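Student: I would like to learn how to read this structure feature by feature. Where shall we begin?

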Amino acid sequence: MAVLDVLEDYLTDKGKGRDGESGQYRRHADREVNRFVEFLAADPSTSSVTFGELTVESLREYARYLSRQGWTEGTVRNYYAHVSGFCGWAAREGYLSGNPAQRRRAKEPLPEDTGRKSGEQQAWTAEQREQLLSYVDARAHEAIDDVASDRQAAIKACRDRALVYVLCFTGVRGAEILADDGDDRRGRDGLRWADVALEDNSIQVLGKSGKWDDRPLPEPAVPSIERVRSVLAPSSEDWPVFPTLDYPTLVQTFTQAMTSRGYDIGEVEDLRREQVNDGEASVIELLADYDIAPPALTTHGARAVLKRLTDEAGIELDDKHGYLAPHGARRGVGEVLVRAYGHAEAARYLDNSEEIVREHYSHIEAGELADRAEAAFAEHREKQRRPAKRGAEEHTEDSGVDTESETLRGELRNTQRTVGWIQSRRQGKTSHNSLSTVCNGR
């Protein structure tokens with residue numbers, strides 16, 4: 001039996017919502033099982049993979065494939081878990097004799113889950129952030145100066161700069177502003193100009209919960225957005241803020257749009273050759289001329305952009321990524337906000353629960369507690385070094401009483417002694433030497 005013949009049954013059983021018709025888990029499971037089937041299919045157009053092909057070896061190869069895509073460890077393990085969940089369900093339904101995805105050999109290529117999260121994942125530092133921003137600023141300024149002769153280069157430089165600024169200052173997830181090949185929902189097809197409200201310093205994104213939310217767009221990021229719009233000159237609000245500039249993709253988009261309007265392939269080729277190959281226009285400009293929205297930059301494409309920019313900016317990293325990854329920008333924003341305003345405010349900004357933020361940034365709180373403990377021990381040691389005074393002074397500097405208070409107390413003691421001397425003199429029980437002793441404080 002073919003795997004896809006029973007996929008709908010699995011989604012109905014596992015999908016959240018009435019009759020299995022909705023739910024984030026259902027959508028993700030559908031996407032990942034189909035990705036797995038396409039990986040195994042000899043003919044991707046048919047995807048006729050049977051349960052007999054779901055072996056330990058095939059799962060092992062798929063785990064290795066996922067691990068090579070440049071995704072974070074958590075993402076790789078999450079995608080594999082969806083496939084494993086389907087295999088477990090298939091075993092319970094009798095389609096498989098067991099769950100091959102859970103065999104040790106199948107899971108061996110997956111990245112290790114150490115269970116230690118906070119502080120281990122990449123977070124852009126202030127120095128890295130400033131170095132990257134300075135580079136993309138200089139690159140964009142240079143390209144804008146030559147926009148008349150090479151508009152394509154100016155669009156690319158301004159797009160890259162806007163992407164870096166948005167990631168640096170908003171803390172959005174990459175999937176909220178970039179296209180996801182495996183998710184065709186509106187909101188997972190890239191941030192559109194219709195989603196940007198510069199006058200309100202906000203952007204609207206489809207959050208992780210599946211609901212549309214307004215997110216802050218801090219002032220430092222606004223000029224880069226304004227500039228990319230002026231250089232890009234989108235023909236409609238449906239255009240993505242961060243379009244792909246991949247030549248074959250843009251050509252394919254132009255061809256499909258024009259043929260759907262009634263042009264034949266020959267006419268489309270002639271138009272492109274006349275205006276792009278033999279003319280001075282770029283393909284992105286051709287799309288604007290014919291009011292065709294290009295596809296948005298994908299999450300995979302954005303990682304490639306950031307790898308290139310990290311290398312060109314001369315930023316060296318010794319972590320497992322080797323470049324400034326998108327999720328590192330989000331964690332960098334979280335680091336700044338937690339240190340400045342605490343976990344609750346950071347959670348609101350990052351569209352996360354306070355509990356999750358505390359877990360992800362627990363190393364900050366631990367560091368602050370360590371600093372406080374160090375200060376407490378230092379104060380304790382200092383107190384131990386100061387000898388306590390004995391005799392007439394009943395209080396030492398360690399008593400916490402200031403000098404003025406100590407003086408007042410001394411004067412009170414002198415007054416009390418003077419009164420005592422007067423009373424004793426009246427009784428004939430004192431001498432001149434006793435008064436001198438009181439006045440001298442002895």
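Tutor: Begin with one side chain. Arg348 counts as exposed, at 66% relative accessibility. Buried means under 20% relative accessible area, exposed over 50%, and partly exposed in between (1.4 Å probe, protein chains only).

Student: What kind of model is this?

Tutor: This is a predicted model, where local features need pLDDT of at least 70, side-chain atom pairs count only at pLDDT 80 or more, and totals for chains, interfaces and linings use all residues. Residues are numbered from 1 along each chain as its sequence is written, and side-chain values use heavy atoms, leaving out hydrogens and water.

Student: Which residue meets Arg348 in a salt bridge?

Tutor: A salt bridge puts a side-chain nitrogen of Lys or Arg within 4 Å of a carboxyl oxygen of Asp or Glu. Here Glu345 is the partner of Arg348, at 3.5 Å, N to O. Both lie in helix 15 (residues 343-350), 3 residues apart, about one turn of the helix. Glu345 is partly exposed, with a relative accessible area of 38%. Helices (H or I, at least four residues) and strands (E, at least two) are DSSP runs, numbered from the N terminus.

Student: Where do Asp180 and Arg31, another salt bridge pair, lie in the chain?

Tutor: Asp180 and Arg31 bring their closest N and O atoms to 3.7 Å. This pair links distant parts of the chain, 149 residues apart: Asp180 is in the loop between helix 8 and strand 1 (196-197), Arg31 in helix 2 (residues 24-40). Arg31 is buried, at 11% relative accessible area. The salt bridge count comes to 30.

Student: Is Arg173 buried or exposed?

Tutor: Arg173 counts as buried, because its relative accessibility is 15%. Arg173 sits in the loop between helix 7 (151-170) and helix 8 (174-177).

Student: What does the side chain of Arg173 reach at 3.0 Å?

Tutor: Think polar contacts: N or O atoms within 3.5 Å; within protein, one must be able to donate a hydrogen and the other to accept it, and residues adjacent in sequence count only if both atoms are side-chain atoms. Arg173 reaches the backbone oxygen of Asp351 at 3.0 Å. A polar contact of 2.7 Å also joins its side chain to that of Glu176.

Student: How many disulfides does a search of the whole structure find?

Tutor: A disulfide is a covalent bond between the sulfur atoms of two cysteines. The cut-off is a pair of cysteine sulfur atoms within 2.5 Å. The search finds 0. Cys87 is buried at 0% relative accessibility, and Cys168 is buried at 4%.
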